[in-house]
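Visitor: I would like to go through this model one feature at a time. Please give the cut-offs as the terms come up.

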Amino acid sequence: MHHPYKTREGGCTVTVFVPYDCNNNCPFCINKGEYADTTGFSLDKICESIKLMDEITPKCDFVFTGGEPFADLESLQRMLDLIPNTHNIYINTTLPVSENQPEEEILRFAEKNKNKIDCINVSRHVQRYVVESNDDLLARLPIPFRINCVLYEDYPFDELIPFIERFRKIPGSNIQFRFDYTATTPENLYDKENDRIIRDLNKIARYTGMDGCRMRCGFHYDYKGMEIVYHKTLPYSAIIEEDPTDGITYCILYDIIIKQNGDIHADWGHDVLDELELDIEAYRNVKFEPYDMKWYERVEIELCAASGR
Ligand code: SF4
């Protein structure tokens, strides 16, 4: 059965899978298989889909992922040029540097797009799964960046502090630790008791609060003045839910995916939806609701209490 769509104000986040791969093989990656056969990949079709999503939701967020968005700067530029400044843009990358693409080229690209890209999410892990460029490059980026680190299975606790200290030295750094989202369920999403990562972070950093929504949550920490967030998200992003105010059952969408061939999907996989393809005409009539992201816990900051604020 096809339910009418509902999403948050501004529209779903649109995640674009670039049509070119990375050089890594992270064990938790579920995208890698999709890049094994590039038949049907089309930059032109992706560009058409980006224009369509801009037309329907002119203020939605765009996320570029892959694969490796920075593996082909010319193609990435072509896609970015289609997105007006009404959108926030985020790029997930390993910041790949090679003989063919030296640091200076990445910096030139970043400089050119510094008013367009809101944040570069750089993958770095406690266990080294990705080929890493020099940390100095991070310090030279003219765009805000965040370190994304998946704490996978039996990650080594002893390496957590050295990892955090490594990035604390770089001005502007903050870290988002991530649970392996293929292992996240509605039952363990907000479960603090049985979460090893929370137990470990509590030993080394000061907990400052927790925010979240139906789909994802963030446990916030302060480590010697550096912000750390532990992020958990469900492996799917659509929910079927009845709205008690109008009695209508909606398909609530959080993420829309533009695939490597330009197809537009309403979710990451078939967990919730029988039909993955986004019904464009239904989405043109999407009902908006306020974003359900909110703070659930906030730990008083001693400084504020002491100053009487
Ligand atoms: S760098 Fe990203 S896309 Fe590449 S294998 Fe790792 S998780 Fe997958």
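Visitor: Where is the place of Pro-235?

Guide: This is a predicted model, in which local features need pLDDT of at least 70, side-chain atom pairs count only at pLDDT 80 or more, and totals for chains, interfaces and linings use all residues. Residues are numbered from 1 along each chain as its sequence is written. Helices (H or I, at least four residues) and strands (E, at least two) are DSSP runs numbered from the N terminus. On that basis, Pro-235 sits in the loop between strand E10 (226-233) and strand E11 (238-243).

Visitor: Which residues does Pro-235 touch, not counting residues up to four places away in sequence?

Guide: Contact requires C-beta atoms, placed from the backbone, within 7 Å. The C-alpha atom of Pro-235 is separated by 7.8 Å from that of Ala-183, 52 residues apart along the chain. With residues up to four places away left out, Pro-235 touches Tyr-181, Thr-182, Thr-184, Trp-268 and Asp-271.

Visitor: Which are the edge strands of the open sheet of 12 strands?

Guide: Two strands pair if DSSP finds at least two bridges between them. The order of the open sheet is E14-E13-E2-E3-E4-E5-E6-E7-E10-E9-E8-E16, with mixed pairing. Those that pair on one side only are strand E14 (264-265) and strand E16 (294-298).

Visitor: Which residue stands opposite Val-16 in E3?

Guide: Strand E2 (residues 13-17) and E3 run parallel and are joined by 4 bridges. Thr-15 of this pair stands opposite Val-63. For Val-16, the residue opposite in E3 is Phe-64.

Visitor: What is the handedness of the crossover from E2 to E3?

Guide: A crossover is right-handed if, with the strands pointing away from the viewer, the path from the first strand over the helix to the second runs clockwise. From E2 the chain passes through helix H1 (residues 43-56) to E3, and this β-α-β crossover is right-handed. E3, helix H2 (residues 73-80) and E4 make a β-α-β unit that is also described as right-handed.

Visitor: Which residues of strand E3 point to one face and are buried?

Guide: The side chains of strand E3 (residues 62-65) alternate.

Visitor: Which residues touch the most other members of the largest nonpolar core?

Guide: In soluble globular proteins, nonpolar side chains tend to be buried together. A nonpolar core is a set of buried Ala, Val, Leu, Ile, Met, Phe, Trp, Tyr and Cys residues joined through C-beta atoms within 7 Å. The largest one here has 63 residues, and those that touch the most other members are Val-14, Val-16, Leu-253, Ile-256 and Ile-258.

Visitor: Is Leu-95 buried or exposed?

Guide: Leu-95 is found in the loop between E4 and helix H3 (103-112). Its phi is positive, about 55°, although it is not a glycine. Leu-95 has 23 C-beta neighbours inside 10 Å, so it counts as buried.

Visitor: Is Glu-153 buried or exposed?

Guide: Glu-153 also has a positive phi, near 40°. Its place is the loop between strand E6 (145-150) and helix H5 (160-168). With 11 other C-beta atoms within 10 Å, Glu-153 is exposed.

Visitor: How many nonpolar, polar and charged residues does the shell around the ligand have?

Guide: A residue is near a molecule if its C-beta atom, placed from the backbone, lies within 6 Å of it. The residues around the ligand include Cys-22, Lys-32, Gly-66 and Gly-67, and the peptide bond from Gly-66 to Gly-67 is cis, with omega near 10°. Ala, Val, Leu, Ile, Met, Phe, Trp, Tyr, Cys and Pro count as nonpolar, Asp, Glu, Lys and Arg as charged, and the others, Gly among them, as polar. The shell has 4 nonpolar, 7 polar and 1 charged residues.

Terms used. Buried ≥ 20, exposed ≤ 12 C-beta atoms within 10 Å, placed from the backbone. Contact = placed C-beta atoms within 7 Å.
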